[in-house]
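Visitor: I would like to learn how to read a model like this one. Please show it to me and take the features in turn.

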Amino acid sequence: MTKYEALKKYFGYSSFRTGQETLVDALLSGRDAMGIMPTGAGKSLCYQIPALLLPGITIVISPLISLMKDQVATLNQAGIHAAYLNSSLTSGQYKTALQNLIRGQYKIVYVAPERLLTDSFIDAARRIDISMISVDEAHCISQWGQDFRPSYLHIPDFLDHLAHRPVIGAFTATATREVREDILSLLALQNPVHIVTGFDRKNLRFTVQQPASKLKAMFEILRSRTDECGIIYCLTRKTVEEVCEELIRKGYSATRYHAGLSDTERQHNQDDFLYDRKQIMVATNAFGMGIDKSNVRYVIHYNMPKNIESYYQEAGRAGRDGLPSDCILLYSGQDVVTNQFFIDRMEPLPDTDEETASAIRAREQERLKQMTFYCFTNDCLRAYILRYFGEYGEGYCGNCSNCLTQFEEKDMTEIANKLISCIKSSRREYGLVTIADTVHGSQNTKILRAHLDDNPYYGSCKDIPIHLLRQVLNSLAIHGYLKISDGEYPVLQLTDTSQKLLKGEPFPMKIAKERPKPATGKSSKSEASGNSSVCYDRSLFEKLRILRLEIARQEKVPPYIVFSDKTLTQMCILLPKTKEEMLCVSGIGEMKYAKYGERFLSAIQRG
Ligand code: ADP
Ligand code: MG
């Protein structure tokens, strides 16, 4: 079997995506490989195809039970024998799985990193022919990443126990240099093929809003999305509870996920979402790693997350099937305060000295700042994110709230001058809110107590809306005319270039002509990639969706593992009548056809 045949037969795809083929080829030829690709790019196939074609067994090291479960279910659905070894198995089940592994019943086995150095696993591993080790979510090996897992550091020790070193593949969506270098060196990859694909996800539309009421804004967004699945991320457990309760009270089908719930409840709620029993998941960032649910149509951030890495990873859970999807961030100043609170109380990792701990804290601070700037930039949001990850491209995507908003350039020189002068003439350093309040002429106690009403610039911008003053301050910081200090209470500081403004350098700023339309509804969808620009019969889609749900219930797997929304949409467009035509649909291979092909054919025939 060739790699193309495997791709079609087991996965139902007729071509590789960017980067996949190079990585597959490398692993097949026995050369180590590292794939850095964004969430949803299709990293799994890069090792699953070689796993099928290589003579022996592939061990996949994976950090999360939910992730393994999902992947193993997908593989078994596709007719590939796979299993997982982790703490969700009883000791009896674990033993049986190990025996099956030794007997050669699996082609691919997922294992939790904590199991690698156990006697029973090492013993089994030495008795089988391992062709490849694939390290999924490889960033877990780095202390610089979000998700450091000390047991990932055991991987090299485990390799030492093997009679011969199999080829190694490492995969992650985390693109920062430190993490990449850690993966290369800690896993001791040998002359690896190294692929970093573009981080752009064209089907995602990015939106930032700063609503007066987040709850109202959220309901407005949901109004046009009644039949779609989505995730709403909140920063704290308390907010998750509140938002979820509001949703349920208004009759939405919602569930919740955070670290304060029991394991059983978390699992139950997660399954409700994965199996399409609940439409909306309200969660903290504890939810999501390894969630491959492909039909998440929107991700709303009810709060700004702590950094762009987290944001892109969480937002990236939308639209994994490639269909147009929305990523909407609802910003408020309080989000900065909450994140700052988390940074200040960050537990140092075990075995870190004070110096490293404080370096990590400083880095988190900087990342938070970059995240905040994202919420204030008037430039292309996509370009902002991509630049953050080191990609430079066009500054206009036409598919984010900034590119879709009409801006006009306004001269802000006078306001900028007053703000900078106010900072310059105050005796102490103050935060952004206080400075804006001062020039606005606010009478609040903080201003009065600090005698800021004596500042010569007090009230000098009293006719300018406060939100605009804050926007100008942020824009000054983004462009380096001001600095926002680190520390528990970030304050505004002058920079070398602040003077230039006072000496008459102009400060033009892009200002929205009107408030951005609330997270534009469905009308705009046809612009993005995907199939939705083509007309198809929604009622047929509904029928196929119900059939998929029936099958998923019978087989006890999430519906998207049977077929993705994209596959169903394509069926509605192509209306296949024969097996051959059915096999042309993306996502339908021989294996899936044999299982479900005829039921779907006759459903399409009935119309
Ligand atoms: P990642 O691990 O990179 O986040 P996955 O491996 O989970 O992404 O893949 C995301 C989705 O893309 C899956 O639904 C997968 O079936 C699909 N996919 C992967 N490769 C291809 C391909 N060559 N053609 C079409 N779809 C693909
Ligand atoms: Mg993955």
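Visitor: Which domains does the assignment give for the protein chain?

Guide: Domain bounds come from an automatic or database domain assignment. Here the protein chain is divided into domain 1 (3-196), domain 2 (204-388), domain 3 (407-512) and domain 4 (538-606). Taken over C-alpha atoms, the centres of domain 1 and domain 3 are 52 Å apart. This is a predicted model, in which local features need pLDDT of at least 70 and side-chain atom pairs count only at pLDDT 80 or more, while totals for chains, interfaces and linings use all residues. Residues are numbered from 1 along each chain as its sequence is written, chains are lettered from A and ligands numbered from 1 in the order in which they are written, and side-chain values use heavy atoms, with hydrogens and water left out.

Visitor: Which residues come nearest to ligand 1?

Guide: A residue is near a molecule if one of its heavy atoms lies within 4 Å of it. Of the 15 residues around ligand 1, the nearest are Tyr13, Gly40, Lys43, Ser44 and Arg320.

Visitor: What polar contacts does ligand 1 have?

Guide: A polar contact is a pair of N or O atoms within 3.5 Å; within protein, one must be able to donate a hydrogen and the other to accept it, and residues adjacent in sequence count only if both atoms are side-chain atoms. Among them, a polar backbone atom of Ser15 lies 2.9 Å from a nitrogen atom of ligand 1, and a polar side-chain atom of Arg17 is 3.1 Å from a nitrogen atom of the ligand. The protein buries 82% of the 580 Å² that ligand 1 exposes when taken alone (Shrake-Rupley method, 1.4 Å probe; for residues, only the protein chains shown count as cover).

Visitor: How many aromatic pairs does the structure hold?

Guide: Rings of Phe, Tyr and Trp (its six-membered ring) pair if their centres lie within 6.5 Å; planes under 30 degrees apart are stacked, over 60 edge-to-face, and the rest tilted. The structure has 18 aromatic pairs. Tyr388 and Phe389 make an edge-to-face pair, 5.4 Å centre to centre with 90° between the planes. Ring pairs also link Phe199, Phe206, Tyr312, Tyr388 and Phe389 into a cluster.

Visitor: Is Phe389 buried or exposed?

Guide: Buried means under 20% relative accessible area, exposed over 50%, and partly exposed in between (1.4 Å probe, protein chains only). Phe389 counts as buried because its relative accessibility is 13%, whereas Tyr388, at 24%, counts as partly exposed.
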